[in-house]
Amino acid sequence: MMKDNGDALVINREKIGGRLWLGTSHYPSPEVMLRALDAAQPGFVTVSLRRQTAREVADNGYWAGLQDWITASDARLLPNTAGCQSASEAIRLAVMARELFGTSWIKLEVIGDDYTLQPHTLELVDAATELCRQGFDVLPYCTDDLVVCEALLRAGCHGVMPWAAPIGTGKGLLNPYQLRTLRERLPEAVIVVDAGIGRPSQAMQAMELGVDAVLLNTAVARAHDPVVMAAAFSAAVVGGRQAWAAGLMAERDIASPSTAVAGLPFWHQPMGRDA
């Protein structure tokens with residue numbers, strides 16, 4: 001498990017082209033999607049086979065255009081098991097994705113609650129363990145629970161992908177304290193914030209906490225101008241990463257002057273209680 005080589009993101013000895021990762025659903029058209037990808041230059045592009053047959057995927061011009069774009073870019077395809085509700089179901093879909101797309105990378109999703117779309121932590125660990133045994137490069141969508149993340153890493157996952165908020169809500173980082181804790185307790189692990197990001201400022205906040213990448217879909221795809229929004233998110237992720245690398249100042253409970261008073265004329269200095 002490796003994280004950085006200089007400032008490049010490296011996962012399982014493979015250099016990933018960018019720290020913003022994008023999904024491919026909900027765009028108004030395939031053309032707009034491809035333009036948004038061009039604007040963002042994501043490291044991974046996620047696709048789902050849920051409720052589609054292999055033939056439908058192969059015959060769909062949308063997929064052909066996406067594959068052509070990925071081939072010409074530095075991005076990697078990241079199939080996901082969206083909508084699966086058990087380990088066995090997720091494993092079957094992952095195997096089908098590997099055969100169809102010719103990649104061992106998989107974004108592992110096992111949903112435990114239909115209302116919040118919260119991951120089913122028990123089934124998720126079981127599925128991750130089996131897929132890692134079968135040689136998949138597993139990146140699991142999970143909660144921000146430290147113990148669950150540790151279990152997924154022990155199972156062989158190349159990183160963890162904790163949510164910021166429930167999928168599609170756009171609420172941003174509901175528990176930045178926990179994400180900061182994950183970074184502190186898992187300093188060598190790849191951590192990707194996945195789900196719930198709605199604004200570029202929220203993506204920047206996540207990167208400022210030291211996570212390695214941000215994955216999102218709806219915030220770009222459903223924007224009034226997905227292409228411009230994709231560029232905005234790309235800039236925010238880069239800025240957040242730069243801020244983290246530069247070293248953020250520590251927060252203070254009391255004011256601290258940026259200009260020292262030593263050497264100033266006496267009338268500019270604070271007056272004592274007895275003056």
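Q: Where in the chain does Leu-186 lie?
A: Leu-186 is placed in the loop between helix H7 (176-185) and strand E10 (192-194). Helices (H or I, at least four residues) and strands (E, at least two) are DSSP runs, numbered from the N terminus. A word on the source: this is a predicted model, in which local features need pLDDT of at least 70, side-chain atom pairs count only at pLDDT 80 or more, and totals for chains, interfaces and linings use all residues. Residues are numbered from 1 along each chain as its sequence is written, and side-chain values use heavy atoms, leaving out hydrogens and water.

Q: Why is Leu-186 called buried?
A: Buried means under 20% relative accessible area, exposed means over 50%, and partly exposed is in between (1.4 Å probe, protein chains only). Leu-186 has a relative accessible area of 9%, so it counts as buried.

Q: Which residues does Leu-186 contact, leaving aside its neighbours within four places in sequence?
A: They are Leu-146, Cys-149, Glu-150, Leu-153 and Ile-191, where contact means heavy atoms within 4.5 Å. Leu-153 is 33 residues away along the chain, and its C-alpha atom is 9.7 Å from that of Leu-186.

Q: What makes His-26 partly exposed?
A: Its relative accessible area is 43%, so His-26 falls into the partly exposed class. This residue belongs to the loop between strand E4 (20-22) and helix H1 (30-40). His-26 is not a glycine, yet its phi is positive, about 75°.

Q: How do you know that Gln-41 is partly exposed?
A: Its relative accessibility of 39% puts Gln-41 in that class. Gln-41, found in the loop between H1 and strand E5 (44-48), is another residue that is not a glycine but has a positive phi, here about 50°.

Q: Why are H5 and H6 called roughly parallel?
A: Helix H5 (residues 121-133) and helix H6 (residues 146-155) pack at an angle of about 15°, with axes 9 Å apart. Angles under 35 degrees count as roughly parallel, over 145 as roughly antiparallel, 65 to 115 as roughly perpendicular and the rest as oblique. H5 and H6 are therefore roughly parallel to each other.

Q: Which residues make the contact between H5 and H6?
A: H5 brings Thr-121, Leu-124, Val-125, Ala-128, Thr-129 and Cys-132, while H6 brings Val-148, Ala-151, Leu-152 and Ala-155. Sorted by class, that gives eight nonpolar, two polar and no charged residues. Here Ala, Val, Leu, Ile, Met, Phe, Trp, Tyr, Cys and Pro count as nonpolar, Asp, Glu, Lys and Arg as charged, and the others, Gly among them, as polar.

Q: What does H5 contact in its packing with helix H4 (residues 87-101), and at what angle?
A: H4 and H5 pack at about 35°, their axes 8 Å apart. The contact joins Ala-87, Ile-91 and Ala-94 of H4 to Glu-123, Asp-126, Ala-127, Glu-130 and Leu-131 of H5. Five of these residues are nonpolar, none polar and three charged.

Q: How do you know that the span of H10 agrees with its number of residues?
A: The expected span of a helix is 1.5 Å times one less than its number of residues. For the 21 residues of helix H10 (residues 226-246) that should give 30 Å, and the end C-alpha atoms are 30 Å apart, so the two agree. After H10 comes Gly-247, with a positive phi near 100°.

Note on methods:
Axes fitted to C-alpha atoms, helices over the stretch in contact; angles between N-to-C directions.
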